[in-house]
Amino acid sequence: MKKHFLATLVLSGLCLGATAQKVKFTEYDLNNGLHVILHQDKTAPVVAVSVMYHVGSKDEDPQRTGFAHFFEHLLFEGSPNLKRGEFMKTVSSNGGQNNANTSHDRTFYYEMFPSNQLELGLWLESERMLHPKIDENGVRTQNEVVKEEKRLRIDNSPYGKFAENIFRHLFKGTPYEWQPIGSMEHLDAAKLDEFLAFFKKYYAPGNAVLTIAGDIDVEKTKTLVKKYFDEVPKGAPVVKTPYKLPEINKQIIDTAYDANIQIPAIFTAYRVPGMRSRDSKVMEMISSVLSGGGSSRLNRKMVDEKKTALQVSAFNYGLENHGAYIALALPNNNTPLTDLLNDIDAEVLNLQTDLITEKEFKKLQNQFENSYVSANSRMLGVAENLASGYTFHNKNTNDINEELDIIKSITREEIRTVAKKYLNKDQRVVLYYLPKK
């Protein structure tokens, strides 16, 4: 869902302070299996109400891709008590804002309200979970919305298909092979019964986390949660389909063509561990050493000194079961893409051979502490991070408080070891991304 509403200035506040603080929370389960997490912060009179469903594109039938993202839209269609189109109007007319997003692994819905509208937020989310409007009219309407979104964000966007081209090699034969937007042909072919079955399977309370963060009274909020969610039927346990990830033991090289670009690009991608792994955190630190800011190694070398690149970046794409570590560069002065690739590879080799400097290491730790504080400085960020801890870290909601300690415990030697382990040429995909003539 990509619609936004103007919110009052106070909704954008909510700082927890300049240094990292422990996030306190209360958690419990309703009888129907819904996990509830409450975080009280009376800094400002606002509240975030969110529901994270443990369903993403990796949970789809390979012949019906795009369902999870489709439901991100479809579940705004209303309910028996909420007319079509009234969901977002109700939020905005009561001083709030709302949105939703879908990844390979989960779907996240939220409302931000003045705290005196907490009950309204709970009612809206319970309506969505209890009895959403899923009918032919809604499916047809949202099908057109999703198609337009795909045209805008993927088909007609510069470099919009890079992830699609990388993932089909990196995760071939697994549910991570396709992107959350899915296939329009699959959505066109799907029958209403298939959408109803998908909802029944994945949107039950036992597959969801309700997180409320902000200016709340914990005991009163528990009473409201029970009032609005206790009647939702339990649903059957969700059983994830196991799969085996085929090994990559030689470099995969591919070329993609894009009519939306004039400047080519080079991408490299390595398969790395999923977000539960300590190594995933190390990969995030490696990406920061390489391209985190203007003084990072790749930016300094390729953009500032050699002036061979207009832009260079490296990032860790963390997923639940696996991850993708991606580096990319856009050439300056008609520099050959192979030269850019060689420069990136040289800096990776340096990381694999030598320890980063103490100065770099201290800067790295400061960057990650600042990022941690920033991520938990708003109630929505706290709500999402609490829900993610429970959903993706073996029901460890306290992951929100442990993450920074893990980052601080990572050593320079560990950074070198992890770079050696995963960033090898015979374990990667190289994608030449070229303008289509």
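1. Basis. The model is predicted: local features need pLDDT of at least 70, side-chain atom pairs count only at pLDDT 80 or more, and totals for chains, interfaces and linings use all residues. Residues are numbered from 1 along each chain as its sequence is written, and side-chain values use heavy atoms, with hydrogens and water left out.

2. Salt bridges. Side chains of opposite charge can pair when their charged atoms come close. A salt bridge here is a side-chain nitrogen of Lys or Arg within 4 Å of a carboxyl oxygen of Asp or Glu. The structure has 31 of them.

3. Glu384 and Arg106. These side chains form a salt bridge with an N to O distance of 2.8 Å. Glu384 sits in helix H13 (residues 379–392), while Arg106 is in the loop between strand S4 (97–102) and strand S5 (107–114), so that distant parts of the chain, 278 residues apart, are linked. Helices (H or I, at least four residues) and strands (E, at least two) are DSSP runs, numbered from the N terminus. Buried means under 20% relative accessible area, exposed over 50%, and partly exposed in between (1.4 Å probe, protein chains only). Glu384 is partly exposed because its relative accessibility is 25%; Arg106, at 9%, is buried.

4. Glu119 and Lys227. The closest N and O atoms of this salt bridge are 2.9 Å apart. Glu119 belongs to helix H3 (residues 118–130) and Lys227 to helix H8 (residues 218–229), so the bridge ties together parts 108 residues apart in sequence. Glu119 is partly exposed at 30% relative accessibility, and Lys227 is exposed at 51%.

5. Asp343 and Lys301. Here the N to O distance is 3.8 Å. The pair ties together parts 42 residues apart in sequence, since Asp343 is in helix H11 (residues 337–353) and Lys301 in helix H10 (residues 297–305). Asp343 is buried, with a relative accessible area of 9%, and Lys301 is buried at 17%.

6. Strand S3. In S3 (residues 46–53), 8 of 8 residues are buried. One side carries Val46, Ala48, Ser50 and Met52, the other Val47, Val49, Val51 and Tyr53, and both faces are covered.

7. Partners of S3. Two strands pair if DSSP finds at least two bridges between them. S3 runs antiparallel to S5, with 8 bridges; Val47 has Phe113 as its bridge partner there. S3 also runs antiparallel to strand S6 (residues 208–214), with 7 bridges, and Val49 stands opposite Ile212.
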